[in-house]
Amino acid sequence: MVVIVVAEKPSAARNMTSALGGTKGCYKGTAYEVASLRGHLYEFAQPHAMVDPSLADAYQKWDLGNLPWSPEDLTWKREPQKNVADVIRTLRRTLSGGDEIVIATDLDPSGEGDLLFWEAIDELGFHDKKFSRMEFTDESKASLLKAFEQRRPVKSMQAEGDYRKAMYRSQWDFLSMQFTRIATAMSRQSGQDLVLRQGRLKSAMISLVGDQQKAYDKYVKKPFFQNRFRDENDVMYTNPDEPGFDQKGQVPQQYGPSSVVLDGKTDKKTAPPKLLDLASLSSMLVGKDVKANLTLSTYQKMYEDQVVSYPRTADKTITPEQFKDLAPLVDKIAGVVGIGTGLLTHRSPRSTHVKSQGAHGANRPGPKVPSSLDEVEHKYGKAGRLIYEMLAKNYLAMLAEDYLYEQQKGHVEKYPDFVGIANLPKDPGWRAVFDPDAGDDEAGGDANESSKGLGRNAEPFIFEGVNKRPEHPTMKWLMKQLDRRDVGTGATRTSTYSEVTNDRAKYPLLTEKGRKLRLAQAGEMSWRLLPGTHIGDLGLTEKVYVDMRDIAAGTATAEERLAVVADWVREDIATMTKNAASMRAELGLKEQVISARAEGVWQAAPGGPKKVAFKKVWSGHEFSDDEVAKLLAGETISFEARSKADKPYTATGGLGLGDYKGRTFVGFQLEVPDKPRRWSGRTFTPTEVAGLLTGQALEIDDFVSARTGKTFGCKVSWDAKAKKIVPDFGSGDEPPGSWCQVTFTDAQRKDLAAGKTVQGRGFVTAKGKTFDAKVTWKEEGGEKKIVPSFS
């Protein structure tokens, strides 16, 4: 019997291979072979590809009338991810030769490891095999061998709670695409052609940043004045019941100098900070001008070289085995980042940082220790240097002693209600190894820390304070909010953050300038649409997690819990519709009428009659039922339409195929003229038509721009094959009659032809901006053309 051990990814497969003694072999009498996935090999197909063909059109359109989707309509069909064909071929071949298939993917809280294993088994059709599960807390040799020897028998895919809950979450997130369609439709009704992506985590980020940005922007400074005391060591003494005043002159000066009474001293300590996850690490690096996407890509390369640990871990602690594995390397790691080993005297595992549960463990240095930070920077750049230095110091801080300080409390002798506190450092401990707030202007530090402790005498003074301004949203702030609400893992937060702040994306949701975050245009609209919605509720993730636990326990089914999504979609459509009306009023936007669609069987369709849908409004004209019937029958119709310049004209045409940005669509197509009639606001005379039909190029000076309404001149000719007017703006030997919507005078054209420079005013760019420039008619780039000069 051959056992096939299926790891989640190549790096995990390498660890399995190392533990068992090879890719193939025999371990304690059991023949085995190690195989590897590469994360998710499959993904859900598009919605229209998951339903009956009769429903495909409705599931493909982004119209609100086609929402909500019914989960019962969806087959949950999968298709391979990109660039995994070779992985699938190898996996199929390996699994075919096995008698028992072992699930050796990650054991994570979301069940994701089980999902990516079972979706591959499901698609490849290996349900008839015998299955078992390796359950390991980490990928150390001892843990993997123990898990292999103690494999848990698995009855079937549906019998596994981890698979059921992970499949539910995956289906829920797929159905949440409907919320993106709702928000996008609302943006388009408001005249904004934006795609507003409304996933659980994206919507949470938008809600948090938008609310905080609003609080920050609406802050009004309100100073206050109050009596306080200060001693010679700069320690402040306050009375919580002392009144505050709006103006300094209102404060009664009723106190005098007094000695300080020391009430007591207490030795205190603080433990090292927790180990970093990818979100915390990335937040710190953003403050050092390293973007989240660069942190992700650089960390991944370093992980593949085993310089750092697995990036996408959900763990915040490490296991005893992981602690033991890294212990022999600690001094070497300390040398790389310049930490004296004399500071690392707490070499036993801390219960706050080392726990038995976990999988990959928190982010930390890897087993391959570089010779220096310069070596790291040479191979991985500045980002790599910062990643290693920060990870290493954070890990090493766990091996240093606690930070010790003496807390002194005292009061002003004559006025005992005024109390002061001073924290006098005694031993820096871990703070000499790692300072998580180094270089962070917003950290603030310990306001009571004093190198001298309490003084002996205190003087009264009028303290000028101000109401605290809400913190400006930053990545660090945002990640703390998400962590507090348990929304997503550190790795997921970082990758999603990288996506929504990507300034190369077509519709970024957030903009990042330095450390500060603000809503981008798409984010601003999303934030205004989200209040009161289900998808914008920060408690939504908790609801999904509760569902996952119930489904894993067998007390609920995915079908039951997914059924509510349809009601949420209906309610969010109504809520976003109200929010969109408020948004348009606040932003000064006008509601756009989304044209209705006509449907029916197009008798003259290429390849034979077929069911089609097309816009019922064209160029300001709405087709009547009779006109729709004629168009579907393949007939030509004529009607009064309006041009882009809002001028009336007679349109003649029929139903046909059009192309928009490479996508073919069915719609009304204007009939191609058999001779020149009109172009750019000007109707040709019979003599001009005759000349154009015989191949003449006519110089005409009174065309009108549809965009600006300005008159311009150029040469025009008739392309008989394409049946359209072709303008010539002067690329030959003679200067053009006009340029950038300004018509030259005869004198200016004569000067240009003579090689002189002409001052022009009121030129208009392609984007409609007006400018002045000196222009010359000269050869440039192999052709003669108008060349502007702005000097």
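A polar contact is a pair of N or O atoms within 3.5 Å; within protein, one atom must be able to donate a hydrogen and the other to accept it, and residues adjacent in sequence count only if both atoms are side-chain atoms. The structure is a predicted model, in which local features need pLDDT of at least 70 and side-chain atom pairs count only at pLDDT 80 or more, whereas totals for chains, interfaces and linings use all residues. Residues are numbered from 1 along each chain as its sequence is written, and side-chain values use heavy atoms, with hydrogens and water left out.

Figure 1. Helices (H or I, at least four residues) and strands (E, at least two) are DSSP runs, numbered from the N terminus. S190 has 2% relative accessibility and therefore counts as buried; buried means under 20% relative accessible area, exposed over 50%, and partly exposed in between (1.4 Å probe, protein chains only). A polar atom of the S190 side chain lies 3.0 Å from the backbone oxygen of M186. The side chain of S190 also makes a polar contact of 3.1 Å with that of R584. Contact denotes heavy atoms within 4.5 Å. Neighbours within four places in sequence left aside, S190 is in contact with M525, M583, R584, L589, K590 and Q592.

**Figure 2. Helix α16 (residues 521–529) and its cover.** Seven of the nine residues of α16 are buried, so the helix is largely enclosed by the rest of the structure. The buried residues are A522, G523, E524, M525, S526, W527 and L529. Their cover includes α7 (177–189), α8 (200–217), β16 (516–519) and α18.

**Figure 3. The largest nonpolar core.** A nonpolar core is a set of buried Ala, Val, Leu, Ile, Met, Phe, Trp, Tyr and Cys residues joined through side-chain atoms within 4.5 Å. Of the 90 residues in this core, L41, L95, W118, W172, I182, L478 and L482 touch the most other members. Helix α18 (residues 558–587) supplies the largest share, nine residues. Apart from this core lies another, of 49 residues, including L281, V307, I333 and M398. In soluble globular proteins, nonpolar side chains tend to be buried together.

**Figure 4. I318 in the loop between α10 (292–304) and α11 (320–326).** With a relative accessible area of 0%, I318 is buried. The C-alpha atoms of I318 and G361 are 4.4 Å apart in space, although the two residues are 43 residues apart in sequence. Beyond its neighbours within four places in sequence, I318 is in contact with L275, F323, H353, V354, K355, G361, A362, R364, Y395 and M398.

**Figure 5. The hairpin of β12 and β13, with E449.** Strand β12 (residues 403–412) pairs with strand β13 (residues 419–427) in the antiparallel sense over eight bridges; two strands pair if DSSP finds at least two bridges between them. Six residues lie between the two strands of this hairpin, and Q407 stands opposite N423 in β13. E449 lies in the loop between β13 and β14 (457–466) and, at 34% relative accessibility, counts as partly exposed. Not counting residues up to four places away in sequence, E449 touches Y403, N423, P425 and R431. Polar contacts join the side chain of E449 to those of Y403, at 3.1 Å, and R431, at 3.3 Å.

**Figure 6. Strand β27 (residues 711–719) between two antiparallel partners.** Five bridges join β27 to strand β26 (residues 698–704), and five bridges join β27 to strand β28 (residues 724–728). V716 in β27 is the bridge partner of L698 and stands opposite P727 in β28. The hairpin formed by β27 and β28 has four residues between its strands, and K723 in the turn has a positive phi of about 55°.

**Figure 7. Overall setting of the close-up views.** The protein has 21 helices and 33 strands. Its radius of gyration (taken over C-alpha atoms) is 36 Å, well over the 28 Å that the globule rule (2.2 Å times the number of residues to the power 0.38) gives for 791 residues, so the protein is more spread out than a compact globule. The C-alpha atoms fill a box of roughly 105 × 90 × 55 Å, taken along the principal axes. Buried residues make up 46% of the 791 residues.
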